[in-house]
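Open the model in your viewer and keep the selection panel at hand. This tour moves from one selection to the next and says what is there.

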Amino acid sequence: MTTAVGPVARGRGLAARRPLRMNATLAAGLALLGALVLAAVFAPLLTSWDPIEQDLSRSLQDPGNGHLLGTDQLGRDVFARLLYGARTDLRVGALAVLFPFLIGGALGLVAGWRGGWFDLVLMRVVDIVVAIPFFVLVIALVFALGSGTRSIYIAITLVGWVAYARIVRGEVLVAKEQEYALAARASGLPTYRILLRHLLPNVVLQAFVFSMSDIVLSILAIVTLGYLGLGVPQPTPDWGSMIQEGQAFIFTKWYLAAVPGLAVVITGLALALIADGFVHRSGRR
Amino acid sequence: MTALLEVHDLNVEIPLSSGRLHAVRGVSLSASAGQAVGLVGESGSGKSLTLRAVMDLLPVPATITGGTIVVNGVDVSRMSAKQRREHLSSAMAMIFQDSLTALNPTMRVGDQVAEVPVRRLGMSRSSARARATELLDQVGIKDPERRYRAYPHELSGGMRQRICIAIALSAEPGLILADEPTTALDVTIQAQVLGVLARLRRDQGVGLVLVTHDLAVISGTCEHLNVMYGGRIVEDGPTGELIHAPRHPYTAALLRSVPDPDLPVHRLLSIAGAPPDLLEAIPGCAFAPRCPAVIDRCTTEQPPLAPIGRMRASACWRAHDHEHWPPDIAEPAAGEMRA
Amino acid sequence: MRYLAYVLRRLVATVPVLFGISLIVFFMIHLVPGDPAKTLLGIRATDKAVAALQKSFGLDKPLWEQYLDFMGRLAHGDLGRSFFYNVDASELVSGRLPATLWLVVSATVLALLISVPLAVLAASRRGSALDQVIRAVPLVGLGMPAFWVGIMLVLVFGLKLRLFPVSGFGDDVAGHLRSIVLPALTVALALTPILIRSLRTSMIAVLDSDYVVTARAKGLTHRRIILSHTLRNAAVSSVTVLGVNVAYLVGSTLVVERVFALPGIGTLMLDSIFNRDFAVVQAVTLVFAVMVVAINLLTDLAHAALDPRVELS
Amino acid sequence: MRKPIAVLAAVTIAVTGLSACGSGASDKNDTSGGNGAAAAQGGDLVIVRPGDSVSMDNTMVFSNASIWVFQQMLESLYEVTPDGKDVAPLLAESHTLSEDKLTWTFKLKQGVKFSNGQPMTSADVKFSIDKARSTEGGWEFLDVAIKNIDAPDPSTVVITTKYPWAPLLADLANFSNAILPKDYAGKSKDEFLKAPIGTGPFVWDHWTKGSELKLVKNPKYWDTGKPSLDSVTWKLVPDDNSRNVQIQGGQAHINESPPFSSVEQLKGQPGVKVDLFPSTKTDYILMNQNEKPYDDVNVRRAISYAIDREALVKTLLFGNGEVANSFLMPGVVYYDKATPGIQYDMAKAKEELAKSSVPNGFTTTFLASSGDNTDQAIAQVLQSSLKELGITVKIQNVDPSAAHDLQNDMKYEISHSYWTMDIADPDELVTFAVDPDAGSKSFFTGYRNPAVIADVKAAQKSFDPAERQRLYSRIQKQAAEDAFLAFLYYSPFSYATSTKVKGFVALPTGNYHLEDVTLSK
């Protein structure tokens, strides 16, 4: 079995000790993401429309007349839905990565440190989860749990933790034989202290870099679930359901499906640039 | 003088897919306060594993399969893992070869020195900080207040090794186990670091077990020397006597392989022939295949580490017969001097 | 012989993984609310009829007993029976598998066709503007939802240009080929950025290595060096990356097949979840898992074939 | 709910030549069919559809995608007339009804053969209907009034009923009572269902599940000269856009259900024709009377008043529909246009709510099917409309299968559903909708009005059209006043066809007949 999960290759090594050096890739990614986050946060300042207020008499208006991107089938402002959709998708995407990061990271840390049966069992479970394709498992889980944000978090956590467990475990296996870890053990520090203060900061960067690309994955998953009608429940604006709704009008109003898709692409690009920038910064190519 | 550390008949084995590697085979040694003991041998001789075993830091899957380790008069092999860790780390501290990897790269060095006082000795943060600064000063770091806030990668190798010594001292141990502490440093810095260790021993009565492959380091630092080969101690005794009159052909070979001790080069051992395969049972003396003084008995019967005088012992059938050893003993083959 | 023994060993090692998967899938799918008997019988169904049907499906037994039945059948190579279509699940799956395999294979081939030349170009003009563009542009592909790409490709190639069929799988090999272009491109677009980057990186590492310098010193042409000395060596590390990501993308075929109405096991799985057709969902998930395991195995074999130093163990 | 549209019988056209059939209908069919037949013969008609067939078991299946297929192979004694309001003989030639209205005697059409060559006789009819009425969980409820079936001679069938039963002919016209060869022509049921045999214009070819199903022409079809087509292939194309593209690109000839959102655009395409056939499809808001406060008629009326149906027709149907005033639909006999249904009026909505047990509003949960755009839109429109009344609507998204279960188990508060007629008599729907003891708990709302239930029973037993009209009008009026459902709109069946296709008609019951369809090259 191979190590990485998801479509991003990974390197290894310690990087935190290198001074923070900005590079063009990282800067571009951060700028792009910053712009998206700002647009989401200041959405009420950027548009005066309420993203969920309907006006059935103004259904499917063309862009113009105060509606930058026109209106959807229920007469809601598409631009407002796009902005508020950024709130939903960025928040859910990031949170959906936080839980697997924490849980997978903790399990990987303990497994790598303790070894033995815990490690053995955990890695067999990882093998099993990894063998089921990501989308297959997430979609099946959301079905099992019922659609909604909570289910998205649970499903992505149940599937996503394995990547972090593997990464952190692998790093811990190397790090715990490093002399600073031996020194910490030799000096009789309590285990939790060794794990949290000595090992964790040295192994977490790799997981963090991975999490950047993982957020892309989780946003893609959320949007795909929205497309399948299993995502963030209506009327909360979400890019996936916007694409799904817009698909019905692809012949006449192609931008209804195209624009929210572009928003996803830009978000993905921003995060990919950041991940890439981190890899470069830490001297790993 | 009571022994702080007494190791008796220690055995360490490493289970591998190709068999059990018997890496340490019945090693005994002791160390006392204020005394410096050297453990010398080629890489693979088991010296580092012995040290790791003493500190309960054996790499997975190596395990202790026999012998006793008595620290401060208590046999630690009977203790629970937690008790043992507590007992060992209050009595001893350890220093590693590569000071860069021996320090946590994500933590300020001062905090690393202050960590044990806070976490284990129960000092307040401010007094631990003061103690750490004092320790930094003791190991010869200038401007300790400022260095306190540095990260390891911002310091030089020598400085980092001093930090490691300060960390070791912070636990107030009776004994410091040092695993090749100066190998990664250049000679002038080596001398400084060794000087720090010597001063600590003199001023504070800290004992020292020094593992190295470098006889030059040992000769200036330790009173007593143990030479290891193939997982066993083959000769031990006072450093001066051992160096001037080795009673084991391997010790002699080691001494010959050191070129000029005054030359400022990295000294690497090189003796003709290959070290023994520790996966196999060795019927006679492990050094026999490489030994120029070999006799028939050497290949069939294992020589015990037997006393050969005051405080000296050698594991050679011909220890008392050293005048008749071939004169070219351990003459290195040309070109194998340096790797 | 060396390969055969290795493959056998790997396959044996797969058994516990598949067992675990069956356990997870079985209990997960039975957690899904909704009763297959009710779904099948519709709104007029009497409680009695539902109960009778549940009994005939074995759904009236406790869950663990159903699991044992399932495993018992599985041990005999029986994947169970579709409640919905009343045929063997294995029959449904084998009828649908070709489309999915076509998709996975052609997407991989397409991705390689796109990324190898670009990576070679980027690596040999390292640092140039061209290199920057080749590295940056595919990053866009990382964030593209497969279904959205599918819709956009349909819009452009299917509706505006009318170049390719927008759905279905054709009736013969030529039809399959035409039908598979857009779905394969959709999947390949997600794969290329990763491939380009890993291939470029490893090519650069190889180009910097001593033996390439030696080859240069021998006076070999740039083209010769790229073709005979670097590509194979660079491929060694990229094969692993390819393997991992193809395994990942197997899952995204689920969505792509739906967008393009490809009759593959992905659409079968989605339909079966909607229909609560437990046996089929289980069967498809197992097949997906076997595909992933097989891809990993192939990756390792390819790795060994490309690099004589690799030991299979 | 998600009441699958089931279909009855063959198009009138199929009956051309029968004296019993209205000549008007016959002429019309001859015109379209005749032209086509002159211009072209043969061809493979490709129909693209969003969902696959489920089973060929006509006595059990509720899925339209299945029914519309096997109806090309299996025929019943009667069939629904093109207006959807009556039935005409198909495999029967005529019938007589006894004085006591309990004994029906049918004469069978002569010379009808099954596609395997075996002649169709009264023994086959008895076998088929006995089988249909003895199934469980299928369509046997239509045949509950039947007491006994006799086959005194090969061309005569006698059916006796337990009590006078007006809808019998309509029931017999249903596909579940289609005529199969006796004892499945010697095969096991499972074997038979893998390749069904009937008297219809097409015979079984193959079915690749989840992909396509093909039937080919029955050369021995009793109505000589038909069908014109060589074969029909139904292909599964779940994506709405893809189906439309295939029609435009000529890869397919008929799109079974283009969404209303695409109708306008499709009409402008060369080579494409869009038909909106009058249907019996009606959409409703369901309110569960077992849950408070929906037991309060004022609450239900308030909600019903708060829905802007005109706006729904405009935005969801793109104008292709009508506002509903009754739970019966215009395509059904006895529908009463004068029923005073509740229409959009916010002032009245507020008035009703003020009179109710929850004058200041309440919080409720709307059960919606995920992935179903209509459901989602209705849920959101309702959420927005009811906000004005102080009613907070939370939307619970569940996948369609689970939503279906929750509705049927009455584990919901408020939800959406629709219905289409299966037979040419309102009894099926009326019983389903307002008789809580008929198994469907009054459309799963728990609605119970004894006066209405009594009228339903009386209408089943009356053979007098005027009397039945009076009863059904009274039921519709009372049901509307009780606001047991909030009726939304009536919508047509949409079909996009290639202009190469001639003679294609969908009946108000949703089904279609392909023996008169022609395909030009």
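Select chain C: of its contacts with a separation of 6 or more, 72% link residues 24 or more positions apart. Two residues are in contact if their C-beta atoms, placed from the backbone, lie within 7 Å.

A note on the model and the numbering. This is a predicted model: local features need pLDDT of at least 70, side-chain atom pairs count only at pLDDT 80 or more, and totals for chains, interfaces and linings use all residues. Residues are numbered from 1 along each chain as its sequence is written, while chains are lettered from A and ligands numbered from 1 in the order in which they are written.

Stay on chain C and colour by secondary structure. You get 13 helices and zero strands. Helices (H or I, at least four residues) and strands (E, at least two) are DSSP runs, numbered from the N terminus. The C-alpha atoms of chain C fill a box of roughly 85 × 55 × 35 Å along the principal axes. Of its 313 residues, 51% are buried. Buried means that 20 or more other C-beta atoms lie within 10 Å of the residue's own, exposed means 12 or fewer, and partly exposed is in between, with C-beta atoms placed from the backbone.

**Two domains in chain C**

Select 2–75 of chain C as domain 1, then 97–306 as domain 2. These bounds come from an automatic or database domain assignment. The domain centres, taken over C-alpha atoms, are 32 Å apart. Where they meet, domain 1 gives 17 residues and domain 2 gives 12 residues. On the domain 1 side, α1 (2–31) and α2 of chain C each supply at least two residues. The largest share, 12 residues, comes from α1(C). By class, this domain 1 side has 10 nonpolar, five polar and two charged residues. Ala, Val, Leu, Ile, Met, Phe, Trp, Tyr, Cys and Pro count as nonpolar, Asp, Glu, Lys and Arg as charged, and the others, Gly among them, as polar.

**From chain C to its neighbours**

Among the four pairs of chains that touch, A and C have the most contacts. Chain A brings 41 residues and chain C 45 residues. On the chain A side, select the elements that give two or more residues, including α8 (191–227) and α10 (255–281). α10(A) gives the most, with 10 residues. The chain A side holds 31 nonpolar, seven polar and three charged residues.

Which chains does B not touch? Chain B and chain C do not touch, with nearest C-alpha atoms 12 Å apart. Chain B and chain D have no contact either, and their closest C-alpha atoms lie 47 Å apart.

**The core**

Select Val138(A) and Val209(B). These have the most contacts inside the largest nonpolar core, which has 441 residues. Such a core is a set of buried Ala, Val, Leu, Ile, Met, Phe, Trp, Tyr and Cys residues joined through C-beta atoms within 7 Å. α8(A) gives the most to this core, with 19 residues. Leaving out residues up to four places away in sequence, Val138(A) touches Ala155(A), Ile156(A), Val159(A) and Ala221(A).

**Last stop: a helix in chain D**

Select α9(D), residues 309–316. Its buried residues include Leu312(D) and Val313(D). The buried residues of α9(D) pack against β13 (322–323), α11 (373–387) and β17 (485–498) of chain D. After the helix comes Phe318(D), with a positive phi near 55°.
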